[in-house]
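Trainee: Could you take me through this model feature by feature, giving the general idea before the particular case?

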Amino acid sequence: MIELDQLTKTFTQKDGQPVKAVDAVSLSVQEGEICVFLGPSGCGKTTTLKMINRLIEPTSGRVLINNEDTTGLNEVDLRRHIGYVIQQIGLFPNMTIEENITVVPRLLGWDKKRCAERAKELMSMVALDPTQYLKRYPRELSGGQQQRIGVIRALAADPPVLLMDEPFGAVDPINRETIQNEFFQMQRQLNKTVIMVSHDIDEAIKLGDRIAVFRRGQLVQYDHPDTLLARPRDEFVAQFVGQDSTLKRLLLVKAGDAATQPETARVDTPLAHAFSVMDETDNRYLSVLDDAGHALGFVTRRAARAGDGTCGERVTPFPVNVSAEDNLRVVLSKMYQFSASWLPVLDAQGAYVGEITQDSIAAYLSSGRSRQQTGQPPGAAIKLAQAAA
Ligand SMILES: Nc1ncnc2c1ncn2[C@@H]1O[C@H](COP(=O)(O)OP(=O)(O)OP(=O)(O)O)[C@@H](O)[C@H]1O
Ligand SMILES: [Mg+2]
């Protein structure tokens, strides 16, 4: 766990005037989580990051890693614990890719063989052929390839903590998407604790378990992405997350969150009874479940009105369904594709858990509730699914 405690940096400008670049920032990042520092240029993101590994000495305040105050650690110990990806990639131009990757291991005294093996291992993690690239110089790589090297270089000594300053800023949107996905899968596998700087709200939502929004050196809001989108603390945050914040939430909220549990019928429920239930609840249909709780389809009010026999005899199969783990973007896409105003929601075993309607989605998104309030983490499963897509 990383904890920033009232971290403050005051620079003295050339004219002697002090500038508070970072002003009493306190926050904590749990092990294995990605925290994204978000905010406009000059708001103090890089300065805060650099105080964590003491590239910049704090004016006051403390940084604790696993409850240990890092003020007492020497630089070698800090480097062993904290990997760093600097803004603008920052590969050493006069060193080969292999030398770049093994800078920290060599500082830590690893022997040649171990360094070479580590470099190969890391290259394969980002799908770069070691035999082809390790002996090249940075200028002989594309921007996206250099960015990947910047990331794996920070991972070289296998530090539990990773600080990344706009690590994907220098690549085009398509490559950025790929590198973000690669990184996300790597982070989840290796369980690194990450603080990443970004000024891209979409990147922050995609990768962040929590987002810290900075303004003029101060921490304005620190929340799960969906909470930030659903309940921005002030006008500044609201502007920063954008006017389409509700649409952005579609990726974060799951079908299970916005599902309702309406009345259902069994196979042997008399149609006449089904009709009276629909009449009372003003529904045009009723889902029909078998004894195992699987949804077979639905009966319409019109079919039930005929009144003869049981629901099992008049079932219309569902044209499509969604999983409780699907995000609302997938749900809405299916609704539009099948021109459906509602869909049955199934759990991982295929059992019926409720239904989702255009109204229930609207009700959830406008209710002020968010994923964090429902007690769930922002959904590593959703994000892994995105990463794999
Ligand atoms: N060495 C320094 N001396 C004086 N002022 C500095 C120094 N370094 C940074 N600052 C000032 O501190 C503030 C925060 O800078 P910082 O680099 O942390 O911003 P940032 O949020 O990372 O911005 P960007 O998104 O542009 O990278 C800025 O106003 C900057 O001008
Ligand atoms: Mg910066």
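Trainee: Where in the chain is Lys192 placed?

Mentor: Helices (H or I, at least four residues) and strands (E, at least two) are DSSP runs, numbered from the N terminus. On that basis Lys192 sits in the loop between H8 and strand S8 (193-198). The model is predicted, so local features need pLDDT of at least 70 and side-chain atom pairs count only at pLDDT 80 or more, whereas totals for chains, interfaces and linings use all residues. Residues are numbered from 1 along each chain as its sequence is written, chains are lettered from A and ligands numbered from 1 in the order in which they are written, and side-chain values use heavy atoms, with hydrogens and water left out.

Trainee: Is Lys192 buried or exposed?

Mentor: Buried means under 20% relative accessible area, exposed over 50%, and partly exposed in between (1.4 Å probe, protein chains only). Lys192 has a relative accessible area of 6%, and therefore counts as buried.

Trainee: Which polar contact does the side chain of Lys192 make with another side chain?

Mentor: A polar contact is a pair of N or O atoms within 3.5 Å; within protein, one must be able to donate a hydrogen and the other to accept it, and residues adjacent in sequence count only if both atoms are side-chain atoms. The partner of the Lys192 side chain is the side chain of Asp158, at 2.5 Å. A polar atom of the Lys192 side chain also lies 3.0 Å from the backbone oxygen of Pro159.

Trainee: How should I check the length of helix H8?

Mentor: The expected span of a helix is 1.5 Å times one less than its number of residues. Helix H8 (residues 173-190) has 18 residues and should therefore span 26 Å, which agrees with the 25 Å between its end C-alpha atoms. Among the buried residues of H8 are Ile179, Phe183, Phe184 and Met186, together with Gln180, Asn181 and Glu182. After H8 comes Asn191, whose phi is positive, near 55 degrees.

Trainee: How many residues of H7 are buried?

Mentor: H7 is mostly covered, with 12 of its 13 residues buried; these include Arg148, Ile149, Val151, Ile152 and Arg153.

Trainee: Which residues surround ligand 1?

Mentor: A residue is near a molecule if one of its heavy atoms lies within 4 Å of it. Ligand 1 is surrounded by Phe11, Ala21, Ser41, Gly42, Cys43, Gly44, Lys45, Thr46, Thr47, Gln87, Glu166 and His199. Helix H1 (residues 45-52) contributes the largest share of this shell, 3 residues.

Trainee: Where do oxygen atoms of ligand 1 approach polar atoms of Ser41, Gly44 and Thr47?

Mentor: An oxygen atom of ligand 1 is 2.5 Å from an N or O atom in the side chain of Ser41, and an oxygen atom of the ligand is 3.0 Å from a polar backbone atom of Gly44. For Thr47, a polar side-chain atom lies 2.5 Å from an oxygen atom of ligand 1. Taken alone, ligand 1 exposes 640 Å², of which the protein buries 62%; accessible areas come from the Shrake-Rupley method with a 1.4 Å probe, and for residues only the protein chains shown count as cover.

Trainee: Which residues other than glycine have a positive phi, and where do they lie?

Mentor: One of them is Ala24, with a phi of about 50 degrees, found in strand S2 (residues 18-29). Ala24 has a relative accessible area of 33% and so is partly exposed. Another is Ser339, with phi near 50 degrees, in the loop between helix H16 (328-337) and S15. Ser339 is exposed, because its relative accessible area is 69%.

Trainee: What does UniProt list for residues 315-371?

Mentor: UniProt positions are given in the numbering used here, feature names are shortened, and annotations may be inferred rather than shown by experiment. For residues 315-371, the unreviewed UniProt entry lists "domain: CBS"; over that range the chain is 33% helix and 23% strand, with end C-alpha atoms 35 Å apart. The annotation "domain: ABC transporter", also from an unreviewed UniProt entry, covers residues 2-241, where the chain is 39% helix and 26% strand.
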